Protein chains: 2
Amino acid sequence: MNFQRKRIVVALGGNALGNTLEEQMRAVKRTSKALCDLIEEGHQVVVVHGNGPQVGMITNAMNALTREDPDQPNMPLSMCVAMSQSYIGYDLQNALREELRNRGFLRTPVVTVVTQVRVDQNDPGFQNPTKPIGKFLSKEEADKQAAKYGHIFKEDSGRGYRRVVASPPPLEIVELDAIHSLVDAGKIVIACGGGGIPVYLNGNHLRGASCVIDKDATSCLLAKEIDADMLIILTAVEKVAINFGKETVQWLDSLTPDQARTYIEEGQFAPGSMLPKVQAAVNFAQSNPGREALITLLEKAHEGICGKTGTIIRQ
Amino acid sequence: MNFQRKRIVVALGGNALGNTLEEQMRAVKRTSKALCDLIEEGHQVVVVHGNGPQVGMITNAMNALTREDPDQPNMPLSMCVAMSQSYIGYDLQNALREELRNRGFLRTPVVTVVTQVRVDQNDPGFQNPTKPIGKFLSKEEADKQAAKYGHIFKEDSGRGYRRVVASPPPLEIVELDAIHSLVDAGKIVIACGGGGIPVYLNGNHLRGASCVIDKDATSCLLAKEIDADMLIILTAVEKVAINFGKETVQWLDSLTPDQARTYIEEGQFAPGSMLPKVQAAVNFAQSNPGREALITLLEKAHEGICGKTGTIIRQ
């Protein structure tokens, strides 16, 4: 058997973690089982999770507080992302620890690192934000919040108005050195939650940025920086497909970066859904000949590593 | 000069971090300057901070959300503590990083670790909680919340009703191994925020506990576990005093554990204020002959280490 112990970055969707705390507590159990299957095989696992529903809930709570107590300042989005990192990290590190102990790993430490990720404040996305976050509002309420906080709102498919923010690419993981040390020391690390707390440089100061960073893009950056062997991007389908939703649908076992780019140009992958995942996978796979990316379901991650399912992206 | 590079755990009060985010952003700057004075001298610094006002704000926000959206489940106190760790940790690690860079330390990493601390679920404090947290409520509102969430409320000095929770002693720092690795690797670590996320063992599962852990007690435990040379407990006075508030007030330059115990028995130190600080200092100092604790003002920490001010507790 040609088993190879791999260093793996796993990108986990925020939607897969549930919309409420109860849902999250069930979801982290399921997630931990899948991750421990990899750890039990000897792989080194670093987890990056999304935070869409969670940062939405925290933002709603902070806005509700401001309505009740006008003395409370409006909470910046970057701070809500920060809070979502420990909101999710605490539960996830706890569930991972429990699952590890259930399997006899009594001393494998799991740790969540509060992580800032630097973006470019001159990214054009800040001028024309497109990523919707938070609740649907009436036009009146949206106008009020726009005037009060300077937020930008867009009408969303007849369902009301939603705040839109920029989603610039991640440039630097500020706490990389600490993450790297912990991974090297054999800890299971949860980092860059929600794509990282978005910040930009202002002299020696890092200022919070009003944006969200795509967690798949940040996972790719982290995987490259810690020299991972594999990036696993977990999603709601077992394999990547072309002609998705058509009779001619074709599920892909593997993809080269070149093939993927052709399909991207054909518009085969939905923006905001499969497209950023394929882009992150390609970016990682082409960064070094030994590196490969896997896109599959959470429950299929272990089979996917063994080459039995999922879509592998490699040169 | 008999300079000795020390490993120091610094316990920082949550009140010193301000009541709002704006106050916090100013407070972390001031705090970072004082901490960097120690780091610049070559000391290894680990920071434990309180979270009183911050966890209060987060709890209020989560309650406000539940009032607006009854589908949202009530947020457990342990989860609010978790969120307070990244709410404070993000700002503090950012300010420390900036101050270090301003002084030419371009590569010293600062990292916040989401930390759980185990307590005993059979601690008698859970039957008779005494630590007030959160807002003052009317009797009617307190009764309503008591019925809805099972919280316990007590009348507080004619000012209204406040929720009271247990404050059991910390037994184990769950993420100790990761904290230890980071400290050994030379990182500046922020850990055990708010005394730690309180949890208790239920088989292999750690369940969130409805309590708060005294951050001075947790600082003492952490300092012992990582074999620190010194525990610095920062407070609102420059030195510990006996006969405080009287004409016979006497400010103390040093204290032995035996002297401290005598003064404690005399009731010299206010419960919930100086008493837990002196207790933590004594506990640390008597754990090993080489260990000493310092109680002083934030701005005097550096002078205190040099023996110029503050109250030193040593055997």
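Let me start with one pairing. L234(A) has T296(A) as its bridge partner, and T296(A) sits in β16(A). Keep in mind that this is a predicted model.

Now the strands behind that pair. β16 of chain A covers residues 292-297. β12(A) pairs with β16(A) in the parallel sense, over 6 bridges.

What about the other pairing of β12(A)? Strand β1 of chain A, residues 7-12, is joined to β12(A) by 4 bridges. Those two strands also run parallel. Here is one contact from that pairing: I8(A) has M230(A), in β12(A), as its bridge partner.

So how covered is β12(A)? Mostly covered. The strand spans residues 230-235 of chain A, and 5 of its 6 residues are buried.

On to confidence. The average pLDDT of chain A is 93. In that chain, 99% of the residues score at least 70. For the model, ipTM is 0.94 and pTM is 0.95.

Last stop, chain B. Where is G307(B)? This glycine lies in a loop of chain B, between α9, residues 301-305, and β17, residues 311-314. Is G307(B) buried or exposed? Exposed, because its relative accessibility is 60%, and the cut-off for exposed is over 50%.

One distance to finish. G307(B) and A191(B) are 116 residues apart along the chain. Their C-alpha atoms are separated by 27 Å.

To recap: β12(A) is paired in parallel with β1(A) and with β16(A), while G307(B) is exposed.

Methods
Residues are numbered from 1 along each chain as its sequence is written. Chains are lettered from A and ligands numbered from 1 in the order in which they are written. This is a predicted model: local features need pLDDT of at least 70, side-chain atom pairs count only at pLDDT 80 or more; totals for chains, interfaces and linings use all residues. Side-chain values use heavy atoms; hydrogens and water are left out. Buried means under 20% relative accessible area, exposed over 50%, partly exposed in between (1.4 Å probe, protein chains only). pLDDT is the predictor's confidence in each residue, from 0 to 100. Two strands pair if DSSP finds at least two bridges between them.
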